[in-house]
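Subject: Handing over a structure

Dear colleague,

I am passing this structure on to you, and I have set out below what was found in it. Please look through the sequence and the structure first, and then read on.

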Amino acid sequence: CSSIIHETAKNKRRALILISGVPGAGKTLVGLQLAHAKYLDELSIAKESGEKPNAAAVFLSGNGPLTEVLQYELKSAGGDGKSFVRGVHSYVKNFTRGSSAKPPHHVLIYDEAQRAFDPEQVSAKHRDMSPEFQGLSEPEIFIKFAESLPEWCVVVGLIGTGQEIHIGEEAGLGQWRSAINKSNSPDEWDVYAPSDGTVDLHFKDFPRVSANDVLELTTTIRFHLATRLYEFVEHVLDGNYSSAKEISFELEEHGYNLRLTHILDRAKEYLSSRYDKNPDARFGMIASAKDKDLKNHGIPKGFKSPGEVSAGKYGKWYAEARGVPESCCSLEAVTTEFGAQGLELDACLLAWGTDFIIENGQWSNRFSAGYRESNRIKDAKALRMNSYRVLLTRGRDCCTIFIPQEEKMRATYGYLRACGFIELL
């Protein structure tokens, strides 16, 4: 990336670098390292006023809870942590209100670029944009930002898969290709993509695309069993319980525990005692945002419920030690996939909802809460499946599932047991 950035600056061009990778491979780490690489600062070009930006690069995330937790953890380094990471949507708001304000950063690093908002979601979230930005997708806005900078600019898109859980995130990577095609100066752009057969597919007939294996991160650094856990979860979601069962034996043998119970207090007791001698461990309760019934079974969830972790509370929930009431380890407050995505715990207590259950041998979202703008949803069931993909992979060494003892949940309980989850006695 450094080499591409220096080459782009020297040749006074524009570049889009796309970096893909398996979950836990360090995409966010790459982005944060680039954002604070002092060797890029020398490349900044002074504005017309003669003022030179303090930093050449900025790391931007559309994941509000992740941004909040990173800022909370990094605040001791200064700037309330905001020097290190910023929210992508507030960045968009800052520089689309008037034509005079221009982004100062020559390297724009967009985390989870495949989840960039489509035009409808941008319009819904940013109602006070100046006319030149109205009707644009987030990728179009960022390409426009890039072309407004003097001489050169690089947009770095970090890409995950199967993480689209919000309205307006389903358009995918094709938006970036479209944004360059529609830009004022498409001939100025070079694209660098991993040769993984999916990302580069969007740019296969682009005249200036370079495919490179180095831009695909294939090895997880998150925890040593991560790859097998993700394979296990894929089999669970695909309905392939026999393959999931095989992997569950391997996970158990290496210390990753999959547990299942109808009794919420038993699940809480199991996690508390499991980490009794490890005060640094973090474990917490998570659940799907679209479930309608868990509040009747001791899970304090619900929109604006004081028991559901919300904006301003994520930092303490993830970071504070056991004994602090706001800590996740209290197992009192619950967060949803929107608060858990991109973040993880040593273990999670997943309260399984009725929004995604087994019916007639198939996954069903029949009892899921609806979407206010359902006309904009391309595949509601796929969004639920992506949500449970997130929820099932939040624990580094344990996933304990609580399922209420309801008739309509019986098949789901039996299916997860067949996949390899072991009942807590």
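**Buried charged residues**

Glu 138 is placed in helix α6, where helices are DSSP runs of H or I with at least four residues and strands are DSSP runs of E with at least two, numbered from the N terminus. Before going further, please keep in mind that this is a predicted model, in which local features need pLDDT of at least 70 and side-chain atom pairs count only at pLDDT 80 or more, while totals for chains, interfaces and linings use all residues. Residues are numbered from 1 along each chain as its sequence is written, and side-chain values use heavy atoms, with hydrogens and water left out.

Is Glu 138 buried or exposed? Glu 138 counts as buried because its relative accessibility is 0%, the classes being buried under 20% relative accessible area, exposed over 50% and partly exposed in between, with a 1.4 Å probe and protein chains only. Not counting residues up to four places away in sequence, Glu 138 touches Val 88, His 89, Val 92, Tyr 110, Ala 116, Phe 117 and Val 122, where contact means heavy atoms within 4.5 Å.

Arg 177 belongs to helix α7, residues 174-182, and is buried, with a relative accessible area of 15%. Leaving aside neighbours within four places in sequence, Arg 177 is in contact with His 202, Phe 203, Asp 205 and Phe 206. From C-alpha to C-alpha, Arg 177 and Leu 16 are 9.7 Å apart in space, although 161 residues separate them in sequence.

Lys 301 is found in the loop between β10 (283-287) and α11 (314-319), and with a relative accessible area of 9% Lys 301 is buried. When neighbours within four places in sequence are left aside, its contacts are Ala 287, Ser 288, Ala 289, Asp 291, Leu 294, Lys 295, Glu 308 and Val 334. Of these, Asp 291 is ten residues from Lys 301 in sequence and 9.0 Å from it in space, C-alpha to C-alpha.

**The chain as a whole**

The chain has 14 helices and 16 strands, and buried residues make up 54% of its 425 residues. Among contacts in the chain with a separation of 6 or more, 74% are between residues 24 or more positions apart.

**A pair of helices**

Two packed helices are described by the angle between their axes and the distance between the axes. Helix α8 (residues 226-238) and helix α13 (residues 380-392) pack at an angle of about 145°, with their axes 10 Å apart; the axes are lines fitted to C-alpha atoms, for helices over the stretch in contact, and angles run from 0 to 180 degrees between N-to-C directions. Which residues make this contact? On the α8 side they are Leu 229, Val 233, Glu 234 and Leu 237, and on the α13 side Met 385, Tyr 388, Arg 389 and Leu 392.

**Aromatic rings**

There are 17 aromatic pairs, counted for rings of Phe, Tyr and Trp (its six-membered ring) with centres within 6.5 Å, where planes under 30 degrees apart count as stacked, over 60 as edge-to-face and the rest as tilted. Tyr 275 counts as buried at 5% relative accessibility, and Phe 283 is buried with a relative accessible area of 0%. Phe 356 and Trp 363 form a stacked pair as well, with 4.4 Å between the centres and 5° between the planes, and both of these residues are buried.

One aromatic cluster consists of Tyr 91, Phe 95, Tyr 110, Phe 133, Phe 142, Phe 145 and Trp 176. The charged end of Lys 144 sits over the ring of Phe 133, 5.9 Å from its centre, by the rule that NZ of Lys or CZ of Arg is within 6 Å of the ring centre and within 35 degrees of the ring normal. Lys 408 lies over the face of Phe 367, at 4.2 Å from the ring centre.

**Positive phi**

Most residues other than glycine have a negative phi, and most peptide bonds are trans. Leu 331, in the loop between α11 and β11 (334-335), has a positive phi of about 55° although it is not a glycine, and Leu 331 counts as buried at 2% relative accessibility.
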